[in-house]
Amino acid sequence: MEHEYYMKRCLQLAENGRLKAKPNPMVGAVIVAQGHIIGEGYHMHFGGPHAEVNAFTSVKPEDNSLLPEATIYVSLEPCSHYGKTPPCADLIISKGIKRCVCGCIDPFAKVQGRGIQRMREAGIEVIVGVMEQECLVLNRRFITFNEQHRPYIILKWAQTANGFIARNDGPLQLSTPETQLLVHKMRAENDAILVGHTTFLTDHPRLDVRQWSGPNPERIVLSPSMSAANERPEGWIVAATIDEVLARLYAEKKQSLIVEGGNKTLQAFLERGLWDEIRVETAPTTIAEGIAAPPIPGNTCVVKTEQIGGNQITTLCRLFSHQPRL
Ligand code: AOF
Ligand code: ZN
């Protein structure tokens, strides 16, 4: 219980780094001695000090003598590599800390359990996997990117109450002004967005961030014949295959991709199992016939349902399988 309590605080702290830390993960750290928090910190921005460094910096000089009996809680395994900053595992060892509780293992190739191993070798008691799912979910883009070597993929569509995403002869307007705002927020929070060639030609989507603040995602049209290349708006990318898109985004360190449709494009991602999250907006309208929404795969769990402006937004995730215990 005690471990969960402090790990929850780490998760809260980590959240403050959202959008500023990326492509680094969001990480929070809390130092506890004699039943009190004596220091806390989070990874504030990309290139900046790691959460553990900020947590140690926040400890008051008069509390330094408590460190040998203290526990440090960190939502992600402390790093073991020299990156922009020296290894956090070494810092924890040098501070003479008694115990380290981590939320989940860092899948980054240069770490992958080495931080934990190094602390154990130095005689620190290390506990791994407290609130593991929550810690993995928080950094699901970073984790998927590092484990699967591709961006985190979000499939997104809007459908009628009876499951149609378009009329046979063209698009349907299903989102409301309220849900449109959320669409723009989502674009600001993800690194890239893709539509298929047909959607691109018939809807002329802009796919930029207009009703929220934040950077535009990289905009991509999937066009097997590359015919969209002539018509692409400035700043867009045209790609012939899904593999090409994913390899490019991985090379550019873009950790997430929204797939906005249409039906054929969504099906192509689903058929290859290339998805991590599905976001379905359902409007109360029905139509007699049209293009049916893709079937939702079986191995999903609903993580959120929201009622907004008369529409329902359901977010489904593929559950993270548990990481190996170290
Ligand atoms: C930690 N605590 O707060 C974070 C960690 O380029 P650098 O030096 O900033 O290193 C980035 C990598 O460090 C990143 O990919 C991830 O593996 C880890 N992030 N580790 O101990 C932190 N943000
Ligand atoms: Zn670190």
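Tutor: Happy to! Let's begin with a term: a helix here is a DSSP run of type H or I with at least four residues, and helices are numbered from the N terminus. Keep in mind that this is a predicted model.

Student: What makes Arg187 part of a helix?

Tutor: Arg187 lies within residues 177-189, the run labelled helix H7.

Student: Why is Arg187 called buried?

Tutor: The label buried needs 20 or more other C-beta atoms within 10 Å. Arg187 has 25 of them, so it is buried.

Student: And where does Leu207 lie?

Tutor: Leu207 sits in the loop between helix H8 (197-203) and strand E9 (218-222). Leu207 is also buried, because it has 22 C-beta neighbours inside 10 Å.

Student: How do you know that Arg187 touches Leu207?

Tutor: Contact asks for C-beta atoms within 7 Å. Leaving out residues up to four places away in sequence, Arg187 has Leu207 among its contacts, along with Ile193, Val209 and Pro217. From its own side, Leu207 touches Arg187, Ile193, Arg219 and Glu260.

Student: Which residues carry the "binding site" annotation?

Tutor: The unreviewed UniProt entry puts it on Arg187, Asp203, Leu207, Arg210 and Glu260.

Student: What surrounds ligand 1?

Tutor: There are 17 residues around ligand 1, and the closest are Val27, His43, His50, Gly83 and Phe108. That shell divides into 9 nonpolar, 5 polar and 3 charged residues.

Student: How confident is the predictor?

Tutor: The chain averages a pLDDT of 94, and 98% of the residues score at least 70. For the complex, the ipTM is 0.94 and the pTM is 0.93.

Technical notes. Residues numbered from 1 in each chain as written. Chains lettered and ligands numbered in written order. Predicted model: local features only at pLDDT ≥ 70, side-chain atom pairs only at ≥ 80, totals over all residues. Near = placed C-beta within 6 Å. Nonpolar A, V, L, I, M, F, W, Y, C, P; charged D, E, K, R; others polar. UniProt positions renumbered as here; feature names shortened; annotations may be inferred. Helix = DSSP H or I, 4+ residues; strand = E, 2+ residues; numbered from the N terminus. Buried ≥ 20, exposed ≤ 12 C-beta atoms within 10 Å, placed from the backbone. Contact = placed C-beta atoms within 7 Å. pLDDT = per-residue confidence, 0-100.
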